[in-house]
Amino acid sequence: MKCSKSKPINEHLLRSWIRCRRKAWLEIYGDKQKKLWTAHSTLQLNHQIDCFHHLSQKSYGIGIQACEEGKNIVYGIRVKYPLIENRNIKGNLALLRKTSGESIWGNFSYQPVLARQGKKITREHKLILSMSGLLIKNLQKYQVSKGLILHKDHNNIKIEQIRLTDSINKELIDSLLILEKDIESKIPPPITSNRKKCTICSWRKDCNSIAKKGGYLSEISGIGAKREHLLIKNGIKDIKELSKIKHYELKGKLERHGIQHADISKQIILQSKSQATNKAIRLKTKITINNFKKAKGLLIYDIESDPDLKHDFLHGFIRLPNNLYNEIDLKKIKYSPLLNLEKDNESFLWKRIKKKLSYHKDLPILHYGETEPISLIRLGERQGANSSEIDSLKKRFIDIHSLIREYWCLPVRNYGLKSIAEFIGFEWEQSNVDGARALLWWRQWKRSRKLNKMYSRNLNSIFKYNSDDCLATLKIAKWLIDQE
Ligand code: SF4
């Protein structure tokens, strides 16, 4: 393992480090073959381009020359400076905006701009702005007191100002010093306890398999960073140890730290037993929902969404023409994708969905998780559905995720659709796909449509992904019935 002291730290590495210390280390020393491609960085880049486009003005330029000429907007400044002793910090500053001040170029100065996705301003945004600010300060020889954050709110671009205070700058320097230590180490920092972060990380395949092999407590659904810390403090270091402890004993140990920890003790012991032995544990016997078991057929429903625009762009249904007790004949299953091209034009979509649901009015609607019924009911309410329509719609929904959680404890890290489908042996036809990939395809398809170049392949890929989500839900439902 080479550990290079001269390895420059840049904003990409800092970003990775803020997300997870181990991630930054892996970005330098990890085996790139084990790294998965994820759609998130492309989505982020596209989002940045859209936001920056909003700021574009007549007076813009590229590089230091544009600063010397006093352009209002400057793209692509590359700069490096030892913000910490003996270590160059490199910045590839995507966009600077001219503001008041006294820089080496005249009676003006520049401030950094970044684009953010997600609902809130995070520590990551603040530290990246702080790093850009300190690098610009060194370049222009004038203090940078504020940075700008652009983000999309529906179709509008909003601009927020962030004060780059001494305390943010100090937090940055402290972070850079720890980051430097981390990347000088021969061994990677530990796997994060907050495993939700791993879901979208490109190193998840490697880290998940290490955590599974090592029986890490964070592998257990219901154990986050805090609970893991509490368990370790109480002498329980891994899944095996957790699976062997008596319920009343654990409850007693955790009670001191809050009733919420004591309440979950039985559940996490059971979960650890299932994972330690790799066996499914039945929690209840017969499923008592009659319309699930006796229905003459089923509709299975899944939505694809653009979270930035709060736009459900695809409502996918498959129909099973018979009872779940029969074998599933894939040839008899029909998939219907109902697209909603524009968020503000839902009346046609609602008419089509209503038609479909009333044509199959006796069939329950299976879905995985809470999102689908909430979205469909809200759509109906927006389109003026009356209370009896809404009530009868509500009665038709059957949440397969809730049923799984109520009836089974399974040897899985989480109870998301992908994990449970993998457990029962279902595979998506397209490899390495997820909601983010579908969103990227959708945005690419929409863009190309505007340019009159139909990327039908992207749309077909979204349909395939969505129909496989529905099929996975159906197969899990069938698995539930088959276990009775
Ligand atoms: S998969 Fe998780 S633990 Fe591994 S680098 Fe990514 S965020 Fe960190």
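Predicted model: local features only at pLDDT ≥ 70, side-chain atom pairs only at ≥ 80, totals over all residues.
1. Two residues count as in contact here if their C-beta atoms, placed from the backbone, lie within 7 Å.

2. The protein has 484 residues, and buried ones make up 31% of them. Its secondary structure comes to 20 helices and 14 strands. Taken along the principal axes, the box filled by the C-alpha atoms is roughly 80 × 60 × 40 Å.

3. Next, the domains. The assignment gives domain 1 as 9-184, domain 2 as 215-279 and domain 3 as 290-482. The centres of domain 2 and domain 3, taken over C-alpha atoms, are separated by 34 Å. Where these two meet, eight residues of domain 2 are in contact with six residues of domain 3. On the domain 2 side of that meeting, the residues divide into five polar, two charged and one nonpolar.

4. The largest nonpolar core holds 58 residues, and Leu 14, Leu 96 and Met 131 have the most contacts inside it. Helix 5 (residues 123-140) supplies the largest share of this core, eight residues. Both domain 1 (9-184) and domain 2 (215-279) contribute residues, so the core lies between them. As a general point, nonpolar side chains in soluble globular proteins tend to be buried together.

5. Setting aside neighbours within four places in sequence, Leu 96 is in contact with Val 74, Ile 77, Tyr 110, Gln 111, Pro 112, Val 113 and Ile 136. Another core, of 27 residues, lies apart from the largest one, and its members include Ile 318, Leu 410, Val 412 and Ala 472.

6. Which residues are around the ligand? They are Cys 20, Arg 22, Lys 23, Leu 26, Ile 191, Thr 192, Lys 197, Cys 198, Cys 201, Trp 203, Arg 204 and Cys 207. Helix 2 (21-29) and helix 7 (204-214) are the elements that give two or more residues to this shell. Helix 2 gives the most, with three residues.

7. What is the make-up of the shell around the ligand by class? Seven of its residues are nonpolar, four are charged and one is polar. The cysteines around the ligand, Cys 20, Cys 198, Cys 201 and Cys 207, fall in the nonpolar class under the grouping used here.

Methods:
Residues numbered from 1 in each chain as written. Near = placed C-beta within 6 Å. Helix = DSSP H or I, 4+ residues; strand = E, 2+ residues; numbered from the N terminus. Core = buried A, V, L, I, M, F, W, Y, C linked by C-beta atoms within 7 Å. Buried ≥ 20, exposed ≤ 12 C-beta atoms within 10 Å, placed from the backbone. Domains from an automatic or database assignment.
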